[in-house]
Amino acid sequence: MTGTVLTIRQVDAYHAMTVVAPAIAERFRPGQFVAISVGGTGSPMLMRRGLPIHDVKPDYGGTVEFVFPADLPGAGWLAERRVRDSLDLVGPLGRPFPVPRDPVHCVLVGSGYGSAGLFMLADRLQQRGSRVDFVLGATSADRVFGALRARRMGQTATLATEDGSLGVRGRVTDVLPQVIEDARGDVVYACGPMAMLRTVAAVATEFAIPSQVAVREIVGCGTGVCMSCVLPVIGEDGITRMVRSCVEGPVFRGERLRFDDVGTIPFDALGAPGARGPVEGFRER
Amino acid sequence: MSADMRTRLSHVELPNPILTAAGCGGSGRELSVFYDVSRLGALTTPSITLAPRAGRPTPRTAETPSGVLNAVGAQGPGVDAFLTSDLPWLLQQGARAVVSIAGGSVAEFVELAKRLTEQPGVSVLEVNLSWPSMEDRGRPFAADASASAEVITAVRAAARFDVPVFAKLAPDVPDVVAIARACVAAGAEGLSLINTVPGMAIDVDAARPALAAVTGGLSGPAVRPLAVRCVWQVHAALPGVPIVGMGGVMTGRDALELILAGACAVAVGTANFQDPFACPRILRELEEALTARGIERAAEAIGLAHRPSERQPR
């Protein structure tokens, strides 16, 4: 699918690009992502970059905006795109955030540019009469994405930076328990790096409330064919499977994702190496 | 005018020569979100194993210049789930299935060949010989002509008579023609060339291997010259044997290169990661490329680059 670049702007440490892509805008639901091809025709970079969608608007038939960090491989090429350039992007991909039918109190937690994936969700939740409280953070002030918008939209917006340059000194997960308590939160939604999602899920479990966490980095194809982005997830039947975060995610229930085992094949996962497994130390192709 | 794109893998006729490569088109369901998979010449399944496999730990993939390194470890549901779910689904779509099989021993290959061809539905069996042999301390079958031939003989005997057996060969051998000859002598009706090439990348910032499995298979345009060379050499030595060519095909022009080298069908692998519409696009581009050259039937282009040069000195 090809979109046309409408705007590209720098937002502190990140770039935000708006692309005219009616087919994606029309079908988008909060939590879904786009997979961007970088480098143009004949590019030496063959994998797509899966990025959270920040905004969807009806202008020009439908636009989507996504946010990317400067250290994303291929970010230099992306940032050099100009208005009216065409961009190869596929979406919307993945399963969206489940949204409660009835009004509840929702705490939305974002770290770095992962915050970008939360605003359309906040919008949807508020349309359904839910209360939304934001907790946003990053290592430093210039890496906190969307603080202003969070302040405008949320009942409250709590900011945290590790260097103390904005809001509270510390991590989002340090301030999260207090926010859940004050907001009488019923559910936590989060988007960010794996370590942060892990702590968010743990905090939610302590409060005995559900968490819906969205994996921020989708590496590979984004469509489920390359099998790169697998995570150990416990299914409805209690069996752990290696599931693809691009098609079965990027949103998972916090307590179902086995954070401690990310980067491994848990011994009890379906099809884990056993008596019939491969000879260790040798590769299969 | 549009070119006649039909091709044959042994006696199996395909409507066109563009296939997905094993492990690069998912079960077919993933790509069916983007296009009708019955438009493919055939869908090659990921390598089917007897038992379900969880695969390798992450990171499984690393991007390298014009290539992708992967060590997925054949994550898959196993032959039972494949037969009850994935294969019926493909057939229901009207798609043709080239089924890749992988086993750690000759007995496993035999069991797979039997199970998969008991019922009709499998168009071609593709034997993944790059799998490590448990009986030979993890050495791939494809590294050795006699080990390859042993597997092919057994699979040919076990599979139903009307299902062609294709041997998928590795390019990282001193003499790919010798392995190809051994497989054909052992009963393979055709050959698939090439599998990925072992490679490695190191994350320089972390000073650690980029893949959890340390090494992986390299694919993408970076390996295309290897594929062209293997297809060329094998077609020159065994001109009557159908070859499915694969290795870094990104465009219709790339597909034509492999056909000119001697492939009668072309499998698209890594391009599916880069572009979910890769296969139908490549098919369209190939058809345009043939038409532009005045070639009316795709079959006429097979091995065309082998014809003697017109300007040869007398």
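Contact here means heavy atoms within 4.5 Å. This is a predicted model: local features need pLDDT of at least 70, side-chain atom pairs count only at pLDDT 80 or more, and totals for chains, interfaces and linings use all residues. Residues are numbered from 1 along each chain as written, chains are lettered from A and ligands numbered from 1 in written order, and side-chain values use heavy atoms, without hydrogens and water.

**Stop 1: the helix pair.** Select α3 (106-117) and α4 (145-158) of chain B. Helices are DSSP runs of H or I, at least four residues; strands are runs of E, at least two. The two axes lie 8 Å apart, at about 30°. Axes are lines fitted to C-alpha atoms over the stretch in contact, and angles run from 0 to 180 degrees between N-to-C directions. Show B:F109 and B:V110 of α3(B), which are among the residues that meet α4(B). On the α4(B) side, pick out residues including B:V151 and B:A154.

**Stop 2: the sheet.** Move to the open sheet in chain B, ordered β5-β6-β16-β13, with antiparallel pairing. Two strands pair if DSSP finds at least two bridges between them. β5 (61-64) and β13 (197-200) of chain B are edge strands with a single partner each, so one side of each has no neighbour in the sheet. Twist averages 40° from one strand to the next. Now zoom in on β6 (67-70) and β16 (215-219) of chain B: three bridges join them. B:V68 stands opposite B:S219.

**Stop 3: confidence.** Colour chain A by pLDDT, the predictor's confidence in each residue, from 0 to 100. Chain A averages 93, and 96% of its residues score at least 70. Select 275-282 of chain A: pLDDT is below 50 there.
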